[in-house]
Amino acid sequence: MWHSAREDDSPCRILRRASWSCSPVWQRSRQLDRFGSHGRSRTAADWRVGGGGPAGRGHESTANPGLRESHRAVGEDGCAGCAGVSSLCRRGTRPEPRPLPDAQTQELAALVTRRRQLIEILTAEKNRLASACVVIRKPLRAHITWLERALDQADTDLAEAIQQSPVWREKEELLRSVPGIGPVLTTTLLANLPELGTLTHKQIAALVGVAPLNRDSGTLRGKRMVWGGRAQVRAALYMAAIVAARFNPVIRVFYQRLCVAGKAKKVALVACMRKLLTIVNAMLKHRTPWRQRVEPAGLGGGIGEHGLHRDRRS
């Protein structure tokens, strides 16, 4: 089941082998090959000498089950064509490592997570109160009151944590200058998206999960959809896009243009999410506050609409 590296291998053939290596049949055959016919796990010496693997057979494995996922992880469009696979195979399928968030960022992320948990519990308790019996309404109200106080304390702790860091204060001022972005999205971006301002617009969109990815297989051309990414960032960004589609002049013109073009409203909102994310990514990268400059809708409406000329490389 091991594939040899041949010079005439095309990227599409390599990709087909990668898809086959993900199948349960291949996984089962590889397990049998690993443990042998007697059920004994082969040792490292068996793999080196006995021919139980690529070293013993003189082959080099080129199949990679994570080829598509690695292609998306590096911030590209997930294209399964020959050009995309060729570029990925040339530079290797492992994405570049990124540094872990520092202790201060991890603490801020923990506060944001706790705030989200309190909101979920508070919502559930309020829903229970609507249909609760008389005997349990009093403890439910007491619990709701306690949760509301805990939620206010969580908001205070988040504000104090941001004010204690000069870097976060600067980023907060830049983010809050954008119409439609409030304190919830600001803290979520600072805590759960520390890469904001350091990646390109395609990479940051793929990281959050608002970049359209293909669903192609062979000659089949599926509908492009968005999936994956950081759900907590995407949820906060969705609410900000709804507000920005009404009160942000740039996003409102962009949203109306997509609706007039026949796009579904949810598709237009996701496009607004990506546009809003691209704008704040460029603002943090260049340390430029929001400057409103709405262009005519027929000109396409790029990043330059808010005062930053679009850089195709960023």
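## Salt bridges in a predicted model

Glu 170 pairs with Arg 287 in a salt bridge, with 3.8 Å between the closest N and O atoms. Glu 170 sits in helix H9 (residues 166–176), while Arg 287 belongs to the segment after helix H14 (265–286), so this pair ties together parts that are 117 residues apart in sequence. A salt bridge here needs N and O within 4 Å, and the 3.8 Å of Glu 170 and Arg 287 meets that. As for solvent, Glu 170 counts as partly exposed because its relative accessibility is 35%, and Arg 287 comes out as exposed at 62%.

Keep in mind that this is a predicted model. A search of the whole structure turns up six salt bridges, and here are three of them, including the one above.

| Salt bridge | N to O distance |
|---|---|
| Glu 170 and Arg 287 | 3.8 Å |
| Arg 128 and Glu 125 | 2.4 Å |
| Asp 216 and Arg 224 | 2.9 Å |

Now for the pair inside a helix. Arg 128 and Glu 125 both lie in helix H7 (residues 103–130), three residues apart, which is about one turn of the helix. Their side chains meet at 2.4 Å, N to O. Is Glu 125 buried or exposed? With 9% relative accessibility, Glu 125 counts as buried, whereas Arg 128 is partly exposed at 45%.

Last up is the salt bridge between Asp 216 and Arg 224, whose side chains meet at 2.9 Å. Asp 216 has 11% relative accessibility, so it counts as buried. Arg 224, at 42%, counts as partly exposed.

Definitions and conventions: Residues are numbered from 1 along each chain as its sequence is written. This is a predicted model: local features need pLDDT of at least 70, side-chain atom pairs count only at pLDDT 80 or more; totals for chains, interfaces and linings use all residues. Side-chain values use heavy atoms; hydrogens and water are left out. Helices (H or I, at least four residues) and strands (E, at least two) are DSSP runs, numbered from the N terminus. Buried means under 20% relative accessible area, exposed over 50%, partly exposed in between (1.4 Å probe, protein chains only).
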